[in-house]
Amino acid sequence: MNPIISIKDLNKIYATGFNALKNVNLEINRGEIIALLGPNGAGKTTLISTICGIVSPTSGTVHVDGFDIISDFRKTREMIGLVPQELTLGAFETVWGTVRFSRGLFGSKRDDDYIEKLLKDLSLFDKKDSEVRALSGGMKRRVLIAKALSHQPKILFLDEPTAGVDVELRKDMWKIIHDLSSKGVTIILTTHYIEEAEEIANRVGVMNNGELLLVEGKDQIMENLGKKQLVIELKESTKKIPSSLEKYNIELSQNGLQLIYNSEIKDGETDISNVLIEITNSGLLVKDLKIEKSSLEDIFVDLVRVES
Amino acid sequence: MNFVAIRIIYLHEMGRFWQTLGQSIASPVISTALYFVVFGSAIGSRIANIEGVSYGLFIVPGLTMLSVLTQSISNASFGIFFPKFTGTIYEILSAPVSFYEVLIGFVGAAATKSLILATIILATASLFVDLNIAHPFWMLSFLVLTCIAFSLFGFIIGLWADNFEKLQIIPLLIITPLVFLGGSFYSISMLPELWQKVTLFNPVLYLVSGFRWSFFEISDVSVGISLTMIFLFLSICIGVIGWMFKTGYRLKQ
Ligand SMILES: Nc1ncnc2c1ncn2[C@@H]1O[C@H](COP(=O)(O)OP(=O)(O)OP(=O)(O)O)[C@@H](O)[C@H]1O
Ligand SMILES: [Mg+2]
């Protein structure tokens, strides 16, 4: 199936001369949940804002469902809902009023039944006549989601939906995202939290310094970039690594009591069993064994560090 | 055209006006009444009739224009500045609406408010003086054109301004003096000759003069010139806005 969003050679240089997006290429599949991960200033918001029409691209193209975001902006924007990073809401409006406004702005006919259902799904219905400025931060975030969904978009962008949100609300947010996804909405979200990407996304894109470093299924990332570390504790210290073990990537700890074997995972397999056999053959006595696996977080930190 | 969106922007902008209806009506009523007490009765009784029109009556068109000009600018400029300031503009920028649809919604609402305001002022004035409008059609035309032109101008200011000072500086330093010096409260024939010439460079003179003509058939400059000037100003505003649209000026990054 053709991708729902297709980004080609996208560049953004702000008026200040700052290059916030560098040759970004990305295809987003229909119905998937993709998480954009990256440190502050990586360009996540810039990327999203460009697709949504808030920032004009310097060069490159973006197509949404086959339509160009500039020449066919009406078609592409009708399909998209955006929940911004900041809690930006007009001060004097009611929840109901602001959601109805959003729906009209996107050119959809008034439909009070739909908005009522939307507000109920987001546990906002009992607040429908409250002024938005009187709501808590978490509630405001929900109102922004309701506004973004008011015109029944096919694609939803969530820019840091769980920033500054407590654990319970974060779980709620994940559930909302899962529910939308199960209804066929394609979801693109940004986050600083690896665990969040791990929890809800099908694919993860890692951004840093305006570049999209990689985009892969989170399992593939673990498989391709993940490392396993085997720590072998010895009963008696040794001065050097036995020669039969030199061909492996093994280090000896300073006190001579630990052998540390770093294995790359290739095709799901490692040399761990061979290493163990060689150790036994060399006459070293093993006291204990520990296996450590790198988390998505370690991989992420490695990637970003190598880049910068 | 996304008419649904234009309508909702328009209604949304009008919303604040209805919400504060009491205030929206009370302030022009009070200020008009004050002008009449001070200028119409206290001072006006000592000023001779101007071309057969009593001073109290003479100031009605100027007084209306003063409010219409300043309110059109402040309503329209604030209307577009505020979402930029709070950040809610993101929604308008990401919606399937064109710049012109946004413009029609915002400027339409600002101009409507000014029209309502003018009606309130004229109604209040008619309590103090015996108001007869010689050319109602032209009166309305001048009024509507002025409301639209100055709301467009306000929209431009609101787009240009990136802080509150800039938002207020042009109305305060340019528009208010121009209105007061543009013959709102006097006929330029009452000025020394040199100042009459200088005043001819004041665009507001043409607005007030034409508008006053539609009431009393007296004017400082010919009606044709007045109309031409309004259209000229309108065209300049539309031109500037067209340029802003092309460049995405101060809206998109
Ligand atoms: N309007 C602007 N003008 C100039 N530079 C900008 C502008 N907006 C963003 N930038 C710069 O572009 C870079 C990317 O910003 P962006 O907001 O896209 O990052 P981000 O990945 O969303 O960061 P965060 O996680 O903090 O939200 C930053 O260095 C930022 O300073
Ligand atoms: Mg961001």
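Predicted model: local features only at pLDDT ≥ 70, side-chain atom pairs only at ≥ 80, totals over all residues.
Colleague: Which class describes how helix 5 of chain B and helix 10 of chain B lie to each other?

Modeller: The axes of helix 5 (residues 99-128) of chain B and helix 10 (residues 223-247) of chain B come within 10 Å and cross at roughly 135 degrees. Angles over 145 degrees would count as roughly antiparallel and those from 65 to 115 as roughly perpendicular, with the rest as oblique. The two helices are therefore classed as oblique.

Colleague: Which residues of helix 10 of chain B make the contact with helix 5 of chain B?

Modeller: Helix 5 of chain B passes helix 10 of chain B in a right-handed crossing. On the side of helix 5 of chain B, the contact is made by B:Phe99, B:Tyr100 and B:Leu103, and by class the whole contact has five nonpolar, one polar and no charged residues. From helix 10 of chain B come B:Ile241, B:Gly242 and B:Phe245.

Colleague: Helix 10 of chain B also packs with helix 6 of chain B; how many nonpolar residues does that contact have?

Modeller: Helix 6 (residues 136-160) of chain B and helix 10 of chain B pack with their axes 10 Å apart, at an angle of about 30 degrees, and they are therefore roughly parallel to each other. Their crossing is left-handed. By class, the contact has no charged residues, two polar ones and, as the number asked for, 23 nonpolar ones.

Colleague: How many charged residues are in the contact of helix 1 of chain B with helix 5 of chain B?

Modeller: The axes of helix 1 (residues 3-19) of chain B and helix 5 of chain B come within 8 Å and cross at roughly 35 degrees, in a right-handed crossing. Among the residues in contact are B:Glu13 of helix 1 of chain B and B:Glu101 and B:Lys113 of helix 5 of chain B. By class, the contact has 11 nonpolar residues, three polar ones and, for the charged class, three.

Colleague: Which residue of chain A meets B:Glu101 in a salt bridge?

Modeller: The contact between the chains takes 28 residues from chain A and 23 residues from chain B, and the area buried between them is about 2300 Å², of which carbon and sulfur atoms give 61%. Across this interface the rule finds two salt bridges. In a salt bridge of 2.8 Å, N to O, the side chain of B:Glu101 meets that of A:Arg74.

Colleague: How many residues apart are A:Lys154 and A:Asp65?

Modeller: Over all chains the count comes to 14 salt bridges, and A:Lys154 forms one with A:Asp65, the closest N and O atoms being 2.9 Å apart. A:Lys154 lies in the loop between helix 5 (137-149) and strand 7 (155-159) of chain A, whereas A:Asp65 lies in the loop between strand 4 (59-64) and strand 5 (67-68) of chain A. The pair thus links distant parts of the chain, with a separation in residues of 89.

Methods:
Residues numbered from 1 in each chain as written. Chains lettered and ligands numbered in written order. Heavy atoms only, no water. Axes fitted to C-alpha atoms, helices over the stretch in contact; angles between N-to-C directions. Helix = DSSP H or I, 4+ residues; strand = E, 2+ residues; numbered from the N terminus. Parallel < 35°, antiparallel > 145°, perpendicular 65-115°, else oblique. Left-handed = near helix turned anticlockwise from the far one by under 90°. Contact = heavy atoms within 4.5 Å. Nonpolar A, V, L, I, M, F, W, Y, C, P; charged D, E, K, R; others polar. Buried area = accessible area lost by both parts, 1.4 Å probe. Salt bridge = Lys/Arg side-chain N within 4 Å of Asp/Glu carboxyl O.
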